Amino acid sequence: MTTLIEVSELHKRFGILHAVNNVSFNVQRGEVLGFLGPNGAGKSTTMKMITGFLEPTGGTIRVAGHDVQDEPIQVKRRIGYLPEGAPSYGEMTVQSFLEFVAEVRGVPRSQRQDRIRDVIDKIHLESVVEQTIETLSKGYKRRVGIAQALLHDPEILILDEPTDGLDPNQKHEVRLLIQEMAADKAIIISTHILEEVDAVCSRAVIIAAGRILFDGTPTELQARSDMHNAVTLIVDPATAAAAETALNGLDDVERVERIAEQGDQVTLLAVPHAGREIITAIGETIHRNNWAVQSLRVESGRLDDVFRQITMPHSTEGQREFSNRAA
Amino acid sequence: MNNIFAIFKREFVGYFATPVAYVFIVIFLFLTGVFTFYLGSFFERNQADLQPFFNFHPWLYLFLIPAIAMRLWSEERKSGTIELLMTLPLSTAQAVIGKYLAAWAFSAVALALTFPMVLTVNYLGDPDNTVIVAGYIGSLLMAGGFLAIGSCISALTKSQVIAFVVSVVICFLFLLSGFPLVLDFFKGWAPQAIVDVIASFSFFTHFDSIKKGVIDARDMIFFTTLIAFWLYANVVTIEAKKAS
């Protein structure tokens, strides 16, 4: 494993705003790092510093062994970057824009057309190559931005909200593309969409108010949820009361909630003590009492909940919302 | 060098991709015509030269050049493309020079399209064409000076309007720095040496001698130094914004 991006003790202040506060992390080749956080958390600012667009107030960034401050050109050569909002020159056609970027990126003249055709194929831009960029839809503009970042086949890809503004099919395609490229690159993507982290990232970093609050795999992130390993079961009203008492009596169950009642269905949620597993015990209890259970399901813990728990630790909203959704 | 050329090419082609270029050229040609023939009394003077044509260039440039320069960096900042540009593997100086040369080349194209003036005066009489060539060189250098100022100011703000207005004011000061309007402001308190230096900044004085056919090294050095200074300031401005 080679470490391609090393960020250590990074700080950025804008006046009184401490936008990035002591952020450190590494990204290895083969990793896809998902950068999560509320708006204004410092995700884009961190990305702008890695790509050399902004200067850090403190800390160091090394990309493929080169310091961003000391050797900015060496660093920029190795990075493909999709800036926030996918800016591009509106008056240019897609073809001429890609030619311009390829030229400045130093793609040799003999390979330029091949590379451009390659990227156009990959991102499915065939139908718009001769259109000016300002006439394109939001989704196409974003894809032109991604295409531009891939032209020189960089070792490192930094994509600020690559799927923003894309329709579900396009999102799926971009995710596949990222997964395809993941093996021999180090990739950082930022996103608000939690399912995306599950779908493409091998690691998730949650950042809020400029600080890193979580750094681990998406599975570890899910395990942080209160609802991890919780069990929902749907029973008829007659057994509901008995079931509630019986489940509450189990050792590893922290609490049982009646989260919905609808006709002859009552939905119960059994929440375990942190880190415990309760499905076996519940299964045995059901079997012993011979209840008629219409549905039984283990929750893996929703990323949304964890995200809310981590970024807004004093809010209970996460749980309330979970109840609503389960209903 | 390749990078400067790539930026230059993109920018230069960009002028002609929008109506801006054509509008600018038409207005420039129209105004040079009006100024030369009506205000400059081209015919009444009965002399075969282009003095009435060149006399008004400083005034035309005062408004038209900041109009070209205002978009150079403001637009990049406004649309966010500056982030794309500055994360490409090129130095800030290369980007500044590439953009500047493209704008300068564009103003050279506009200036070159005034060639019917030269044909007219040659048809009507027997002018000293070396003086006319000198006039064109001087005019182009002066345009370059205004452009460098405008480019630097444009890097300071997102707003093209602010860039335009501030550039016009600064260009105006440079234009008139040999005149009492500007000098009186300094005479009261600054030592004579400084007043002389300021007076020597006047575009008018330097352009005046060139357009009369006197290509003096000092005037050349003045304009090239001025351009170099403002472009350097331009680079410094962009670098400073990175750290802010």
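## The fold

Read chain B along its sequence and you get α-α-α-α-α-α-α-α-α-α-α-α-α-α. That's 14 helices and zero strands. Keep in mind that this is a predicted model.

## Overall shape and packing

How does chain B's radius of gyration fit with a compact globule? A globule of 244 residues would come out near 18 Å, and chain B has 19 Å, so the two agree. Along the principal axes, the C-alpha atoms fill a box of roughly 60 × 50 × 30 Å.

Of the 244 residues in chain B, 51% are buried. Take the contacts in chain B with a separation of 6 or more: 77% of them involve residues 24 or more positions apart.

## Surface and charges

Chain B exposes about 10900 Å², with carbon and sulfur atoms supplying 73% of that area. As for charge, there are 14 positive and 14 negative ones, and their mean positions sit 11 Å apart.

## Aromatic rings

Across all chains, the whole structure holds 29 aromatic pairs. One to look for is B:Phe203 with B:Phe222, an edge-to-face pair at 6.0 Å centre to centre, with 85° between the planes. B:Phe203 belongs to helix α13 (residues 203–211) and B:Phe222 to helix α14 (residues 217–243), so this pair ties together parts that are 19 residues apart in sequence. Both B:Phe203 and B:Phe222 are buried.

There's also an aromatic cluster to find, whose members include B:Phe8, B:Phe12, B:Tyr15, B:Tyr61 and B:Phe106.

Terms used. Residues numbered from 1 in each chain as written. Chains lettered and ligands numbered in written order. Predicted model: local features only at pLDDT ≥ 70, side-chain atom pairs only at ≥ 80, totals over all residues. Heavy atoms only, no water. Helix = DSSP H or I, 4+ residues; strand = E, 2+ residues; numbered from the N terminus. Rg over C-alpha atoms; globule rule 2.2 N^0.38 Å. Buried < 20%, exposed > 50% of the residue type's maximum accessible area, 1.4 Å probe, protein only. Contact = heavy atoms within 4.5 Å. Areas by Shrake-Rupley, 256 points an atom, 1.4 Å probe, with all protein chains shown as cover. Lys, Arg positive; Asp, Glu negative; His and termini not counted. Charge placed at Lys NZ, Arg CZ, Asp CG, Glu CD. Phe/Tyr/Trp six-rings, centres within 6.5 Å; stacked < 30°, edge-to-face > 60°.
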